[in-house]
Amino acid sequence: MDDRQANPQQRHSVDFLLAEYQSHRDAFWHNEELGESRLNFFVTLTTAVIAALAVRERGFLVSGGEVDPIFFYGLGAVLLFGVVTLVRIIRRNLVSHEYLRANARIRRYFTDRDQEILRHLYYKPWDDRPQRKKEWNQIFSLGTGGLVETIALVNSLIVAALCALFTRSYPGWMIGLLALVGFIAAWIVQFIYVKYRYDIGRPKKGEIEFPGD
């Protein structure tokens with residue numbers, strides 16, 4: 001193939017990859033915005049339910065000194081939605097990094113043809129990073145304070161509130177202790193789940209074309 005044939009083909013390849021790059025970038029930002037929207041909706045819903053329950057504060061107890069079931073239903077429903085939101089945000093995080101790794105492959109196409117470009121790239125053309133991960137030494141850390149950590153924190157607080165309601169007839173110190181235990185247990189369970197999803201969601205060796213050094 002001579003240069004007259006090769007050049008139009010190369011231009012077509014460049015145009016195609018640039019369009020693909022733009023598509024991945026737009027999808028990445030759209031995915032990020034969806035995550036923020038889901039978090040905002042979850043926080044708004046939680047606030048609204050708690051506010052509605054606060055309005056019923058005078059009706060907190062029913063006959064016999066028992067807690068009005070509406071409090072359990074309301075907090076339970078919010079917790080269920082929080083769990084679903086956490087699952088979705090984990091998926092969103094994994095997909096976002098897939099878009100970033102996909103664009104790294106495209107950058108590799110250009111750096112293979114012009115090594116001078118490599119010096120100017122802040123993000124290197126390696127498609128085995130970035131990766132989402134959780135380490136065991138982060139189990140009692142808020143990490144970067146991202147969406148996953150925020151949702152897990154709210155869910156843990158809801159579990160603590162439910163534990164306090166279930167044990168309201170106990171001595172005050174025991175209510176506080178059981179609420180704390182519920183909070184810690186909920187946080188640990190969510191951490192383990194997030195770590196598991198991140199571990200199985202990372203790219204496999206057979207999927208990596210351009211590993212980093």
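The model is predicted. Helices H2 and H4 come within 11 Å of each other, axis to axis. His-97 and Leu-165 are the residues picked out here, and His-97 counts as buried, as does Leu-165.

**How H2 and H4 pack**

- Helix H2 spans residues 69-113, and helix H4 spans residues 172-201.
- Their axes cross at roughly 30°.
- Angles under 35 degrees count as roughly parallel, so H2 and H4 are roughly parallel to each other.
- The crossing of H2 past H4 is right-handed.

**Who touches whom**

- H2 brings Leu-86, Val-87, Ile-90, Arg-91, Asn-93 and Leu-94 to the contact.
- H4 meets them with Gln-190, Tyr-193, Val-194, Arg-197, Tyr-198 and Gly-201.
- By class, this contact has seven nonpolar residues, three polar ones and two charged ones.

**His-97, also in H2**

- His-97 is found in helix H2.
- Its relative accessibility is 12%. Buried means under 20%, so His-97 counts as buried.
- Leaving aside residues up to four places away in sequence, His-97 touches Pro-130, Gln-131 and Arg-132.

**Leu-165, in H3**

- Leu-165 is found in helix H3, which covers residues 147-166.
- Leu-165 has a relative accessible area of 13%. The cut-off for buried is under 20%, so Leu-165 is buried.
- Leu-165 and Trp-187 are 22 residues apart along the chain. Their C-alpha atoms are separated by 19 Å.

Note on methods
Residues numbered from 1 in each chain as written. Predicted model: local features only at pLDDT ≥ 70, side-chain atom pairs only at ≥ 80, totals over all residues. Heavy atoms only, no water. Axes fitted to C-alpha atoms, helices over the stretch in contact; angles between N-to-C directions. Helix = DSSP H or I, 4+ residues; strand = E, 2+ residues; numbered from the N terminus. Parallel < 35°, antiparallel > 145°, perpendicular 65-115°, else oblique. Left-handed = near helix turned anticlockwise from the far one by under 90°. Contact = heavy atoms within 4.5 Å. Nonpolar A, V, L, I, M, F, W, Y, C, P; charged D, E, K, R; others polar. Buried < 20%, exposed > 50% of the residue type's maximum accessible area, 1.4 Å probe, protein only.
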